[in-house]
Amino acid sequence: MNANHFPLTLPAKILLLGSGELGKELTISLKRLGCTVIAVDSYANAPAMQVADDSRIVYMTDNQALSQLLSEVNPDLVVPEVEKLAAGVLEQWMEEQRGQAKVSPVRVVPSAPAVQATFDRRFIRTLAAEKAGVPTSNYGFASSEEQLEELANKIGFPCFVKPTMSSSGHGQSLVTAPEQIATAWKKAQSEARAHTNWVICESKINFDYEITLLTVRHLDAHGQVQTSFCAPIGHTQSRGDYVESWQPHQMPPKVLARAREVSKAVTDALAAETPEWQGPVLGIFGVELFVAGDEVMFSELSPRPHDTGMVTLISQYHSEFDLHARAILGMPLDVSIRRPGASVPIKSQVDSDQPRFEGVEEALATTNGTNACVDVRLFGKPEAYNDRRMGVALAVGTSTAEAREAAGVAASSVKVR
C-alpha cells in the first residue's frame with residue numbers, strides 16, 4: 001500500500017492499540033466502513049475486543065512484544081488509543097519498513113512522531129509554547145523531588161504536579177504548600193501511565209472556563225490537508241477527570257476564532273515534526289484550552305478521540321469516532337452539530353469482577369417533562385472498581401442546559417452492583 005495514496009482501499013486492516021471505551025466506539029465506526037480491526041490491550045475481553053474482528057493481549061510497553069505484534073499483523077494502519085505504550089517502537093517500525101520498501105506500507109495515526117510527542121507532556125508543552133508560540137501556564141519539568149521543590153517554589157503556589165505521561169488525572173496533585181511536594185512527587189511516580197521519572201509542574205490558571213476543541217486534520221476534495229473544528233465542548237473536571245461535558249459551549253465569536261487559531265497552530269506544529277515520507281498527518285485531536293476573558297491558553301492535546309467528546313455520539317451528525325475513522329481513511333466528513341447535547345459518565349462505586357447494572361430503563365425514560373432525549377452506553381468493562389467509568393449517559397435537548405440536566409439525572413439513575 002502506498003502510504004500517500006488516499007482514500008485507502010477498503011477493507012483496510014487496522015491495528016488498534018488500546019481497547020477501552022474510546023477504542024470500542026472507534027472500532028464500531030471503522031467496522032461501519034468495512035474495515036478489519038484487531039483490538040489490543042493488556043487484559044482479556046476489553047470493550048473494543050467485544051466488537052472487533054480479532055484481539056490480542058499484549059503489554060504494549062514491552063518493546064519486543066509490540067514489535068513482534070506489528071510484524072505478525074502487518075496492518076495498513078496502526079491506531080493508538082492509549083498513552084501507555086512503547087511509542088518509540090512505532091517510529092522504529094516505520095523506519096524499518098521504509099528501508100525495506102522505500103515507501104512505508106503502513107501508517108501510524110496520526111503519525112509515529114506525533115504519537116510519541118503527544119504522549120509526553122515534556123515534548124508537547126515545549127512544542128506548544130516554543131514552536132507554535134501559543135500562550136500556556138507557567139511550567140517546568142523536574143526529575144527528582146529536590147528539583148520539584150525548587151521548581152514549585154519558583155512557579156509559586158498553588159500549582160499542579162503531573163506525570164509527563166498520564167491521562168484522566170492519574171497521578172495529578174494540586175499543591176498548595178511546600179510540605180505537600182513530597183506526596184505529590186510520590187503520587188506522580190506511582191500513578192504515571194508510563195514511567196519517565198519526569199514530572200511537570202505548572203501554575204494554576206484562574207480561568208473562566210475550559211473547553212475541548214475537537215480539531216480534525218483531513219483531506220479536502222483536492223487531496224490537500226484541511227483543518228476543521230467541531231463546535232466547542234464545555235466540560236467540568238474533578239481531580240483531572242471529566243465529570244460532565246456539553247456541546248456547544250457558548251463563546252464570543254472573537255474568542256472562538258482565537259481558540260481555533262491556537263488549536264491549529266499547535267496541530268500544525270505537531271504535524272511539522274513528521275517527515276513527508278510518512279504521509280499526511282490526519283485524524284482528530286482533542287485540544288484542551290483554558291479561557292480567561294479574551295485570552296485563550298493551551299493546556300493539553302490528545303492525538304485521538306477525547307473523553308469529553310463522547311457527547312458527540314448524540315450531538316453531531318458524525319461523532320468524534322466517525323470523524324477520526326473518516327479522516328485517517330481519507331474519506332469525506334462533516335463536523336456539523338445536530339442538536340445541543342451533554343454527557344455524564346456512569347461511574348462505579350463498588351469493586352466487582354461481575355458488574356451488573358440497575359436503573360438503565362429508568363435512565364432511558366428520563367425526560368424531566370422537557371423535550372430532552374436520552375441514550376445510555378454501557379462500555380462492557382469486565383471488572384468494576386470504585387470511580388471507574390463504566391458507561392455514559394447522553395442527552396440532547398432544545399438547549400445545553402436542558403441536555404445537561406437530563407444527562408445528569410439519567411447517569412445518577414444507573415447503579416453498578
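User: Which residues in H6 meet H7?
Analyst: This is a predicted model, to start with. On the H6 side you have Glu145, Leu148, Glu149 and Ala152, and they meet Ile181, Ala182 and Trp185 in H7.

User: Why are H6 and H7 called oblique to each other?
Analyst: The angle is about 125°. Over 145 would count as roughly antiparallel and 65 to 115 as roughly perpendicular, with the rest oblique, so H6 and H7 are oblique to each other.

User: Is the crossing left-handed or right-handed?
Analyst: H6 passes H7 in a right-handed crossing.

User: Switching to sheets. What's the strand order in the open sheet of five?
Analyst: The order is S3-S2-S1-S4-S5, and the pairing is parallel.

User: Which strands are at the edges?
Analyst: Strand S3 (54-57) and strand S5 (107-108), each of which pairs on one side only.

User: How many bridges join S4 to S5?
Analyst: Two, with S4 taking in residues 77-80 and running parallel to S5. As a landmark, Leu77 stands opposite Arg107 in S5.

User: Which strands does helix H1 lie across?
Analyst: H1 (residues 21-32) lies across strand S1 (13-17), strand S2 (36-41) and S4, and runs at about 175° to S1. Helix H2, residues 63-73, lies across S1, S2, S3 and S4, at about 165° to S1.

User: What about salt bridges, how many are there?
Analyst: The structure holds 21. One of them joins the side chains of Glu25 and Arg377, at 3.5 Å from N to O. That pair links distant parts of the chain, 352 residues apart: Glu25 is in helix H1 and Arg377 is in strand S18 (residues 373-378).

User: Last topic, S12. How many bridges join S12 to S13?
Analyst: Five, and S12 and S13 (residues 241-247) run antiparallel. Ser238 stands opposite Asp241 in S13.

User: And does S10 run parallel or antiparallel to S12?
Analyst: Antiparallel, with two bridges joining S10 (residues 209-219) to S12 (residues 233-238).

User: What's the bridge partner of Thr212 in S12?
Analyst: Thr212 is partnered with Ile233 there.

Definitions and conventions: Residues are numbered from 1 along each chain as its sequence is written. This is a predicted model: local features need pLDDT of at least 70, side-chain atom pairs count only at pLDDT 80 or more; totals for chains, interfaces and linings use all residues. Side-chain values use heavy atoms; hydrogens and water are left out. Two strands pair if DSSP finds at least two bridges between them. Helices (H or I, at least four residues) and strands (E, at least two) are DSSP runs, numbered from the N terminus. Contact means heavy atoms within 4.5 Å. Axes are lines fitted to C-alpha atoms, for helices over the stretch in contact, and angles run from 0 to 180 degrees between N-to-C directions. Angles under 35 degrees count as roughly parallel, over 145 as roughly antiparallel, 65 to 115 as roughly perpendicular and the rest as oblique. A crossing is left-handed if the near helix is turned anticlockwise from the far one by less than a right angle, and right-handed if clockwise. A salt bridge is a side-chain nitrogen of Lys or Arg within 4 Å of a carboxyl oxygen of Asp or Glu.
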